[in-house]
Amino acid sequence: MQDSEIIELFWQRDESAITVTVRQYGGYCHTIAYNILQSKEDAEECVNATWLAAWQSIPPQKPERLATYLGKLTRNISINRYHQANAQKRGMGQTALALSELDECIPDRSNVEQAYDEKQLVDAIERFLQEQPAQKRNIFIRRYWALYSIHEIAVHYGMSDSKVTSLLFRMRKALKALLVKEDIVL
Amino acid sequence: MKDEKLLAAMGQIREDMVAAAMEDAPHSQKSMWIRYVAIAATLVLVVGTGAWWLMRQKRPDATASNDTNIGGIVRHYKAGQEVSTEQNLAREWEWQYKTVSERYYRMTLGGAEYCIRRELTDETLLGEQIGTGTAYGFDVYENEKRHELAVDVYMVGGIANDLLVAVNLGDGYYVYGREANQPPTDFGAFWADYQLAEHLQLADFSYDIGYDTQGNFTLTDDAEIMEMLQNCARAPFTAVGIWHKDACSSICFSVTSEALGIYRRVFTITDDGFILTNIVDNSYCFDIGKEAACSIIRHTQQSSIATEAKPYVSTLAGQVVAITDHCMLIDDSALCEDESDGIVFRVPTEDIRIYRHIAVGEVTVGDWVLVRFTGDIDADNQYTVNGALNIATGTAYHGGIMIPE
């Protein structure tokens, strides 16, 4: 079924919208949730919460890309769940690893004075990504938006783990350089 | 919390960028495009917009630039072959077309939850039966209907059953693992818990400086290295954040183990003093100290020979020329520089992972196909492709192949 037809079902408050969405995007959302939480049970709960959030938000929302919209809902719900549950855990899921990697992108506060501005930060990241070749951009997004593991990305693109790690390392350095240049502080 | 702001900011980036990156997500039900290109020396699988899956499979004695090693068979392909697909290679099959292990991927035993890892073909690793568990899975096409199967559960490889067990699913034994919430206190506990002296076999590795691989090697004898590792028993588990090799050199072993239920995981030793591994599902890091690490790296290098990198999964492309009750025949003549050099490969179809593509009518004679497999190709047995995982169908264009959904 086309996205527009599914969204129409949501707008008509037809509960089959959920059934179709689960069937069409269940695996996709579960992958994102599992990448973040590293727990199938927690991922299942967050995906269920995603369906509820979609039901509650469409309407008024009318997303142009249903997959990305659902993925974003799943990502936010799962990251919130991660923060709630992470205090007792020492295991290193992809979220912790991605966070530790992104830490390298943060400029030293002593070198900059400008206050953190999320919009400015998002704009800078978008410009940075826009300047990258498509493959590099997609790898970066897969790692830090969907939190796929290095190994999964490597397998997906037929690269070695070390090549993906190296590529992301250089991109993080380049992003940090851009943030420093633009005096963006977090 | 700053890094979390970056993570949050990543969540706000433009949807078109996200969509472009995610459209080829392995678990997405959305259509995706896979381009398969043999360019010069390689077969290239292109996954999604601008996403290239480069599969270099050269053999050490392959000298010509267009030689491509597929499952141990050197093929001389012409450049510029392309395959495109909208087919999702990692899809959710209907219940009747799932393998038993795909159906029952979870298992409970005495209230403990386990998740499937990998098939166990070596039954000598089985220990005593420890009980009867309930394997279960869900049919997403029938409102997540839960299916259960009573299963015999066994010890495996002498490893404690609160870490790993073997389960008889009827068509064979499978290793299931519990998710470990608490890491071991030190490397000695990790070594003992998973019986690594017996189950860790170190052979193929790469030598890396920073993140750049300098070469691939095979260890001729791992006995001395294993002994040196055992001497690192007191090395403490360390926290997140050391999983970075940018400022050091390292040796990175590729580890496969039946008892542990793992395939091609990583066991790395860095010259700044750490062991990094994901041979259990979490990423573990142990601080063994620079002296021990450098000593292990030095001995490993002295006891190894240069070799070629091995692909994680091999890929075969060709045209289906026959489908019988037992096999599918695939001809790669059109890909060859000299079409008379073409080979007809035999892909067994008894395995439901291949059979289901035929059963649902996706693959018929005349189709172009892309087969992913983990085994080798047996040239002495009608070029039989062993360990086929899945198959994608398509049509050729511009001398290459286009694969529709």
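Analyst: The buried residues of helix α6 of chain A are L121(A), V122(A), A124(A), I125(A), E126(A), F128(A) and L129(A). Keep in mind that this is a predicted model.

User: What makes these residues of α6(A) count as buried?

Analyst: The label requires under 20% relative accessible area. The residues listed for α6(A), L121(A) and F128(A) among them, are classed as buried. A case with a value is L147(A): its relative accessibility is 0%, which is under 20%, so L147(A) counts as buried.

User: Why is E362(B) called buried at 18% relative accessibility?

Analyst: The cut-off is under 20%, and E362(B) has 18%, so E362(B) counts as buried. This residue lies in the loop between α8 (352-359) and β23 (368-373) of chain B.

User: How do you know that E362(B) makes a polar contact with H357(B)?

Analyst: The two side chains are 2.9 Å apart at this contact. The limit for a pair of N or O atoms is 3.5 Å, so 2.9 Å is within the limit.

User: How does the span of helix α6(A) compare with the one expected?

Analyst: Helix α6(A) covers residues 118-130, which is 13 residues, and reaches 18 Å from its first C-alpha to its last. The expected span takes 1.5 Å times one less than the number of residues. For α6(A) that expectation is 18 Å, and the span is close to it.

User: Which residues have the most contacts inside the largest nonpolar core?

Analyst: They are I125(A), F140(A) and W145(A), in a core of 65 residues. Helix α2 (residues 16-37) of chain A gives the most to this core, with nine residues. A second, separate core has 45 residues, including V175(B) and L202(B). I125(A) is also one of the buried residues of α6(A).

User: What is W145(A) in contact with, beyond its neighbours within four places in sequence?

Analyst: Its contacts include Y28(A), I32(A) and F140(A) in chain A, and M10(B), I13(B) and M22(B) in chain B.

User: Why are β13(B) and β14(B) called a pair?

Analyst: Pairing needs at least two bridges, and β13 (residues 204-209) and β14 (residues 212-219) have six, so they pair, in the antiparallel sense. Within this pairing, I209(B) stands opposite D212(B), and D208(B) has T213(B) as its bridge partner.

User: Why are β18(B) and β19(B) said to stand at the edges of their sheet?

Analyst: The open sheet has the order β18-β17-β16-β15-β13-β14-β19. β18 (284-287) and β19 (304-307) each have a single partner strand, so one side of each is left without a neighbour in the sheet. β19(B) pairs with β14(B) over four bridges.

How values were computed: Residues are numbered from 1 along each chain as its sequence is written. Chains are lettered from A and ligands numbered from 1 in the order in which they are written. This is a predicted model: local features need pLDDT of at least 70, side-chain atom pairs count only at pLDDT 80 or more; totals for chains, interfaces and linings use all residues. Side-chain values use heavy atoms; hydrogens and water are left out. Buried means under 20% relative accessible area, exposed over 50%, partly exposed in between (1.4 Å probe, protein chains only). A polar contact is a pair of N or O atoms within 3.5 Å; within protein, one must be able to donate a hydrogen and the other to accept it, and residues adjacent in sequence count only if both atoms are side-chain atoms. A nonpolar core is a set of buried Ala, Val, Leu, Ile, Met, Phe, Trp, Tyr and Cys residues joined through side-chain atoms within 4.5 Å. Contact means heavy atoms within 4.5 Å.
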